[in-house]
Amino acid sequence: MAGTIINMSKIKQVLMLHAQGVSNRKIGRELGLYKGTVNSYVQKIRDHGYGIDELLKLDEPVLESKLFAGNPAYKQDRFEEFKVLIPGIEKELSRPHVTRYLLWQEYRESHPDGYGYSQFCFHLDQVINARKPGSIIHYNPAEKLLVDFAGDTVSYVDQLTGEMIETQVFVACLPFSNYTFVMAVPSQRTEDFLHALTCCLNHLGGSPKILVTDNLKSAVIKTDRYEPELNRLMDDFAIHHGLVVIPTRTSKPKDKAPVENEVKIVYRRVYAKLRNHTFFSIDEINRAFAEKTREHNQTRQQQKDYCREEHFLAQEKPLLKELPATSFEVKYYTTLRVSPNNCIYLGRDKHFYSVPYQYIGEKAEVVYTRSLVRIYVRGKRVATHQRNLKPGYTTLKEHMGSNHNFYNGRSPEFYIRQAAKHSDVLARLFAVIFERSEYPETQYRRCDGLLSLQRKTDPLVFERVCHYALDNGILSYKSIKNVIDNKAYLFNMAQQDQENRNNIKHVNIRGKRYYLGK
């Protein structure tokens, strides 16, 4: 084929035969080359003044560069002009909506004899890539876990509403073996992100030394090239599992290139294979993901005699750190003030939780999980409650002051017990009051009034008044007070005395018949 460069080993044979005085025609015949080809190589050596012995000592790539220097494109004047423009072109490319084609059109307007579009892009890439060379990163087994969210979401159909609900796809891989884990979660919020990480570590059967995450909000509060600030929940997760979290640099996907590559492979080996499947729950999505990811991990890698799963089980899993005995529970932190009702209000649940009344008005640090609410004041834990996700109150009796406890402890039984401490008759009166009321709560204030009246009245008098009230069905506070004020109970006492005298019977009484002479 015209223009094809001959193998350098054959050219060295041409040089040796030429040095021995063999004619060009004979060289061509012995080596199977056209005589004109041999003539051109010999002439090129003479024109450049190369010594044959020196050329024979050169390595084949060096020899090729000397004999076939190629097209000196970078020595052209228009390349020197173009090279000066490259910094400005790079700056313009960073601006929104600016494309290479637009910049090339502007370049040709000012340089009519300049490069065409393909050469414009070629030389631009050559210069840019030369300034940003890549590097080879070697990973140690069980050292790092790289995580990322796939750009493409997966949806399922809500069976109740028929709505299509999108899920975020969490992807993680161990870069040493490229063993991959894939899971769908409702969102990229911290709770869902940590749930996916927990499931991933449980699947791996251990935790690595380092977790490399993207700069997503669920992991990093404030990005920084040198010292990014981690989410507090992310810190808790790392401490619980004994690992270190290292976020990547902003807009530097090469910092976690293996997982970026695995995301592309997941698109082909998981997404594409499930493209015609309709899901009806996120659990159904994850079951399908687990099956296809297992097939991916068990697929033999190209140019290797093992699969990802074999490499992971043999080289990495034995080196993973053991998982904690207790599962990680997400903790939330907030600072609240203890209100006058000696409760803190957790707005997330619209629920009140009691605090000892001594801390009313102070600031409290609240740490709550899915199951517990812990309240700290001045570095001391002062209350612990079961978390209640429904609006309302959760209180403990010992947290309340005496007024609170009295008010909250009221009941018919409470008032009857209080009355029995002073008088059995008053206790019977209270029992009748509650029996005749459909709503006992409406009688509490009446009972409070009667107890107050009992404390202000002579015990003997009050006892007689209670008897009088029971006998006559007087149950209201005002009526009983009027009985005391008007001394109506005395009439009742006189009447009872008369009845008692009339009812006396014993051997010393002569009776009516005696006086009739019978």
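How many helices and strands does the chain have?

## Overall make-up

The chain has 21 helices and 15 strands. The model is predicted. Of the 518 residues in the chain, 38% are buried. The accessible surface comes to about 32400 Å². Carbon and sulfur atoms account for 50% of that surface.

Sequence separation is also on record for the contacts. Taking those between residues at least 6 apart in sequence, 58% join residues at least 24 apart.

## Nonpolar cores

In soluble globular proteins, nonpolar side chains tend to be buried together. Here the largest nonpolar core holds 49 residues. Phe-170 and Phe-193 touch the most other members. Helix 9, residues 190-204, gives the most to this core: seven residues.

A second core is separate and has 27 residues. Its members include Val-425, Val-432, Ile-433 and Cys-447.

## Helix 16 against helix 18

Two packed helices are described by the angle between their axes and the distance between the axes. Helix 16 (residues 424-435) packs on helix 18 (residues 459-472) at about 35°. Their axes lie 9 Å apart. The crossing is left-handed.

From helix 16, the contact uses Val-425, Leu-426, Arg-428, Leu-429 and Val-432. Helix 18 answers with Phe-462, Glu-463, Cys-466, His-467, Ala-469 and Leu-470. By class, the contact residues are eight nonpolar, one polar and two charged. Val-425 and Val-432 take part in this contact and also belong to the second core.

Note on methods. Residues are numbered from 1 along each chain as its sequence is written. This is a predicted model: local features need pLDDT of at least 70, side-chain atom pairs count only at pLDDT 80 or more; totals for chains, interfaces and linings use all residues. Side-chain values use heavy atoms; hydrogens and water are left out. Axes are lines fitted to C-alpha atoms, for helices over the stretch in contact, and angles run from 0 to 180 degrees between N-to-C directions. Helices (H or I, at least four residues) and strands (E, at least two) are DSSP runs, numbered from the N terminus. A crossing is left-handed if the near helix is turned anticlockwise from the far one by less than a right angle, and right-handed if clockwise. Contact means heavy atoms within 4.5 Å. Ala, Val, Leu, Ile, Met, Phe, Trp, Tyr, Cys and Pro count as nonpolar, Asp, Glu, Lys and Arg as charged, and the others, Gly among them, as polar. Buried means under 20% relative accessible area, exposed over 50%, partly exposed in between (1.4 Å probe, protein chains only). Accessible areas come from the Shrake-Rupley method with a 1.4 Å probe; for residues, only the protein chains shown count as cover. A nonpolar core is a set of buried Ala, Val, Leu, Ile, Met, Phe, Trp, Tyr and Cys residues joined through side-chain atoms within 4.5 Å.
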